[in-house]
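This briefing goes through a few local features of one protein model. Keep the sequence and the 3D view open while reading.

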Amino acid sequence: MRLFTQEEIQSWRVGLMPGLVLIGLVILFRLTGSLQSLEWIALDSFLRWRPEESIDKRILIVGINEEDIRGIGTYPIPDRDLASLLRKLATYNPRAIGLDIVRDLPVEPGYTELVAAFKAIKTVIGIEKALPDQYGNTINPPPTLPPEQIGFADGILDADGHIRRSLLGTYNLEGEYKFSLAILLAKAYLSKEGISLTNGTYDPIAMQFGTTELTRFRPNSGGYVRADAKGNQILINFRSAREPFRIVSLNDIQTGNIDPSWIRDRIVLIGITSHGAKDIVNVSAIPNSIPGLVFGVEVLAHTVSQIISAALNGRPLLRVWPDSWEYIWIIVWGFLGISLARLTKTPLQNLLSVSVAGISLVALSYLLLIWGWWIPVVPACLVLTVNAISINAFYLYQQTLKSRINERQYMIDYTFDIIHNGPLQTLARILSCTQDQDLSNDQLRSQLEQLNQELRAVYESVRRETLTQDSSIHIGIDLDLDLEQPTHEILYEVYSNTLALNFPCFETIQVKIIKFDPIDSPPLSIEQKRGLCRFMEEALCNVGKYAKGVTRLKVTCTQTEGMNIIRIQDNGLGISSSSQPNKYKRSGGRGTKQAKALARQLGGSFKRSSLSPKGRVCELTWSVAKGRFWFLN
């Protein structure tokens, strides 16, 4: 059994080549980085739209805000105030204190007090800038802190100025391998849980806590194209909450206006949360009262929370597919777009199907991101939409062109049938009688006048057929039928009108057996009724033209045993294929093709066969059950 006909294969080819070209162009745009910014926006949006998470109580942010700075009266914060803050926090026994404030130089007064605090409090981790900025500058760590209590705070900005990655480890200019403040804080916290920092199991360059390997960022991870992946980087899976962490002020710590359990055995981050200090970065992935703007200490908190939550709670890290799987994914959606363009018949159907497919793609991508997988949604959505909408225009044009060709062919066939069943038959009788010299001049004149009328009537019949409405059909010259009527009544009108035609073989019929039962279950479309009328007319005309010596005609239209059956049976001699004139062969061949096409549309079968010892049967059958699914044919 063939799945596709040659015509269907040719129809698919119409959109296949432009569809492949569009898929190739989208992939090319992605390879060149043209879609990178759109994919970043999609990632940020999905992260921002996730269900809200609870506060991570393992991290407390001490934010030195505008009121704190006004209370102190100067900025930067003097060493004396930082020393006092550190000593106060140490009394609550936190697991680690991260000082996200630069202290490479003394800020008097109180430098000696800060040095003493650094020496006394072993849980303090300070910061440095290990990599040079655009001017080649670095920032040294606090000079009195030992190396194991120093982490770098270098951030990585994408081309649009937003932060989506965190640098965990890198070599500095002297070739020393340095750890970030985030990784040292996570290490200090997880060590109390019996979890140590090791190299990755699957990726030896990656970092791993226990069984949790921190997925290392690569140059082409997700929507990135040839990004700078130096050092050990990870994508930041920001917490989806408007208040992901507890934030208190410097004044709250100094006055004791705080619950000690918020600090005890927790990670405390100290940073600037004043807009005047300008320690603000762009992050669009966090729901925030100030869209896109987040304090640097908050980004640090998100990174630390991501690491310890993955190690202790199994919270997903952001992962990506291999490049090959990503491009297979894009190609699959591209082919789906081609299929939707081919299978939808109208622009509205196309728009609805593309909308459903696009929403499904976005929803699936969103769900996968919740589970930690960042997949290419923008190029997939782009290739789906462009292929489905643009290629649909190719198919609609093809359908329109094919419809026009079919209409022209139908009119040609219709005109031929009128001429063949009327004037040509009259002309054949005139020629036969003239050859046998059986006609008088008056009879010849009468026959020629009849031929003249029939030829003139051809124009009127073709004109009316051209202007016909969808719910009507013209049979012969004078019969107009309303196709909204029951099918069996319409077919009986066709039968009566055709039997009244002046065909030679009709004159010998002595017995007529007819039965026209309702066959409108399941309901037939207008086009299907039109086809049944043409089938009935063609079959009866064949009897009238070819069934020589016919005396018995049986026409039945019944529904029995779940089958609809239309049968025309005669007992005439007929014309053998070898002796049949070429013009009759063409006519019969066309009628057979039309009947088979109608049978396929109905999901049934057509047969024309000879009977023994003489006669012929023409039968069309289709299933009542299959009729319910004609729209799939």
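Predicted model: local features only at pLDDT ≥ 70, side-chain atom pairs only at ≥ 80, totals over all residues.

**Aromatic rings**
- The count of aromatic pairs comes to 13.
- One of these is the pair of Phe-217 and Tyr-224, which is edge-to-face, with 4.8 Å centre to centre and 85° between the planes.
- Phe-217 counts as buried because its relative accessibility is 2%, under the 20% cut-off.
- Tyr-224 also has 2% relative accessibility and counts as buried.
- Phe-217 and Tyr-224 belong to one aromatic cluster with Trp-40 and Trp-374.

**Charges over rings**
- Arg-95 places its charged end over the ring of Tyr-189, 4.1 Å from the ring centre.
- Tyr-327 has Arg-30 over its face, at 5.4 Å from the ring centre.

**Cis peptide bonds**
- Glu-108 and Pro-109 are joined by a cis peptide bond with omega near 5°.
- Pro-109 is in the loop between strand S2 (96-99) and helix H5 (111-120).
- The peptide bond from Ser-612 to Pro-613 is cis, with omega about 5°.
- The loop that holds Pro-613 runs between strand S22 (605-610) and strand S23 (616-623).

**Positive phi angles**
- Arg-226 is not a glycine, yet its phi is positive, about 50°.
- Arg-226 sits in the loop between strand S9 (212-213) and strand S10 (232-235), and at 59% relative accessibility Arg-226 counts as exposed.
- Glu-561, also not a glycine, has a positive phi near 55°.
- Glu-561 lies in the loop between strand S20 (552-560) and strand S21 (563-570), and Glu-561 is exposed, with a relative accessible area of 82%.

Notes. Residues numbered from 1 in each chain as written. Heavy atoms only, no water. Phe/Tyr/Trp six-rings, centres within 6.5 Å; stacked < 30°, edge-to-face > 60°. Buried < 20%, exposed > 50% of the residue type's maximum accessible area, 1.4 Å probe, protein only. Lys NZ or Arg CZ within 6 Å of the ring centre and 35° of its normal. Helix = DSSP H or I, 4+ residues; strand = E, 2+ residues; numbered from the N terminus.
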